[in-house]
Amino acid sequence: MIFAWLLRRREEDYFPCLFPWVVFVLTLAIRVHYVNQPHNWWVVHPDEIFQSLEVAHSEQYGYGFRPFEFMAPEDGANATLARQVELHHGLYALRSFLVPQAYVTVTWFLHVLGFNFPPFVVWKTAHAVVASTLPLVVYRYVTAVFRSHDTASLAAIFVASCMMLHVFGTHTLLNSLLAPPVFAALTHLHAIVAPSSNTSGVTAGSNCARSRREADDTYDVGRPSSRVQQTSKSKERAAATTTAAFSKIPSQRNSRQRHDRRVRPILRDVLDPNKDTSPSSGTVVDRQTIGSNSAHDSGSLQAFPATHHLSYRSSFTAGAVLGLCCYVRTDVVALGLAVLLPHWRPFSTRYQYVVSGMFGALCGAGVGLLDDFRCYGWGIASPLNWFTFNVQKDLSAVIFGENSPRRYVEGIFFQNAGMASLCVVSVVGTLLSSFNNIAPNTGTRGPDKRSFGPFLRTTTAWVTLLLMYSCKGHKELRFVHNVIVLMLISCASAVHSILLTLRLSRTKSELLLNVTLALFVYSQWRDVVGLTSSSNPSGNKMAFLKFPDIQDVNICLRYVARRPDVRGLFIDKDLYVTGGYTLLRKNVSIFGFCNKNFLEFSMASRRTLPSRLWLGAQRHVSVAYFGDVSNYVSVPNSHYVMKFVLEDRRYNYIVVQKNHGIQYFGPAVFQYGSYEVFKRGDDPATNAYLSQVAATITPVHNATVLEHEGDVLVHHGAWARAAERFKAAMLVQPDRVSLYGPLVVCYRKLGEEDRSQTVMAECWRRFGAAACQATRGITPL
């Protein structure tokens, strides 16, 4: 009984009425299960951790990493040289705290209920839940734009099964988190700027059921050539239904009035209860006779009611949601313009609701602005800083690298066989739709010509956005998340058009559709499974820098997080691809590989900042800022890093690749994949032995490398470690004049004035005052 209820559908539709809800439930179950499996804890981009989870963790638990995007401006006189350079280029206050605070709200609510789950898992699950609603939201959006249940159902399953959208939806990226509320708001705003002929308050979820009941009372539609045969009782109900439907239509101007004058006589002739339409009378009505107003052609006033009930409150809410999303992610503005402007009908737009929506957008953006004032200081707006950094100065291309214009085309259309095949099919559907749009009406059932307009406008929107993103120097696939959604909507319309154009029997049409969907879903899921497969020779193509073993490191971190005796951690893997303190859950020093070098984030290098939380009492948090390090070791001197790890007994756990050759550190207590965890022995004999090993490790015999490390440490304010490097470089090359000046500065910062004077006098004696007082930057390697 329940199964039959789930499969009920209108006779003219391919998909059941509740198909979008089935897709949503399956997507939700798959993604929630996916993110809770540790072997799927790889990273698409560091921003998914350090611009969301780490910021939320530091705010709620009082410690964590903090990137420059969430740092407030500060007085340059009190900042390190490295931070002064960042402030000069505008590397501050680029992101709103609203999203991290949303994550904090989730764990706060769970704590109120008495649950204490790991925040890393909770936040990834919460993100997956929100992102899983995208297929359902897309269904509502396509229903509003295309007025077709089948097209909307196809779009929902394409969006749910797309490999790239699955990856983005299961990683805590801002683009996938904002997509559902953005498209939900655009769905309502579309009803304002491009209103349909009906303003019924029926929701998208009930369209199918209501249309089925009305179709049962009015039409007996078959495939492929339908005939209408009405009894006298059904004629009376049909006439009453038509009269009631038209009575709800408010008078419109110009084109809508002309459309009503054309449609009403046609429906009156068809549904006139006094007119004999029985087979004996010789009068036969084909669905094409009614034109594009039939239920299947998605334009029927009574068979497919409008999906939204317009009101000032709903318009204000949609505008507020879109305004807030635009404030959090500024390029959502371009998405809204690209989607809404092509659909804008100036003479039928409900301008009273436009004003309400604009007021809501201002209120939503105002909430974000006030939060920025509270977090960063008066007069600072993160969207303006983001626009200056990414668009006006285009510093993202300078700092993070510039990519080829082909990056998006190759990543979207040729990433896997399923997407490439779907695009080819869509091109065929586009050509068929174009031909049928200009071909004369043959009187036989074919594709709905009125769907070609929404298809063309949707295609124009995503092509325009793709060109806009391609003009930027720095390119990442996550930036075009919404472009992929719009492209799949166009593909759904094209596939539906092909099915109608072929004019196959119902059985053959359903078979062709099911085979197409099965092949596409299989191709996408095969690639999802292959991302973390050990048999994949090319590594994880969606992972950051295509690292194949990111999940191995994070599983090792989860093991360390469960140990009660952790005092410090060394990681021989890029910190940017780990779960950070959110996964480690230990407030300890970390020494790890970061941005092609080894950096130490000790407790002494932490910054104490006021908390930005809305909830709870005001307090201070201790953050490890990436611009403040206590030690730095370059790759040419990488062996030297073990000297510091062995000398500092706080580092009692290390995570390294297998066969690293450091068994002397202690026993291997855990291993997963290509990484293993070692624990330092705490007995006096082991400590003495490790100290002897550390004494045998000497720095690289290269004055340039040592000078470079000293310069970097000076810029980060690590004066003691910098002085060590400069002195080591002097032992290698005593006549290197560039070493003396920085060493003098280090001694002065450390309060050792006698040593600084001694070094300065030696420099003057050897090279003269002018050479010793010359300034320079960081020595390149």
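Eight nonpolar, four polar and four charged residues line the largest cavity (nonpolar is Ala, Val, Leu, Ile, Met, Phe, Trp, Tyr, Cys and Pro; charged is Asp, Glu, Lys and Arg; the others, Gly among them, are polar). A cavity here is a set of points, on a 1 Å grid over the protein atoms alone, where a 1.4 Å probe fits but cannot get out, and lining residues have an atom within 4 Å of a point. Grid points are joined across faces, edges and corners, and a volume is the space filled by probe spheres set on the points.

This is a predicted model: local features need pLDDT of at least 70, side-chain atom pairs count only at pLDDT 80 or more, and totals for chains, interfaces and linings use all residues. Residues are numbered from 1 along each chain as its sequence is written, and side-chain values use heavy atoms, with hydrogens and water left out.

The whole structure holds ten cavities of 30 Å³ or more. Here are two of them:

| Cavity | Volume | Nearest its centre |
|---|---|---|
| Largest | about 170 Å³ | D47, Q51, S52, R95 and L174 |

In the second one, α10 gives the largest share of the lining, five residues (helices are DSSP runs of H or I, at least four residues; strands are runs of E, at least two; both are numbered from the N terminus).

Elsewhere, seven strands make an open, mixed sheet ordered β7-β4-β3-β2-β8-β10-β9 (strands pair if DSSP finds at least two bridges between them). β7 (631-634) and β9 (668-672) sit at the edges with a single partner strand each, so one side of each has no neighbour in the sheet.

Conventions. 1 Å grid on protein atoms, 1.4 Å probe; cavity = no way out; pocket = protein on both sides within 12 Å on 5 of 7 lines; lining within 4 Å.
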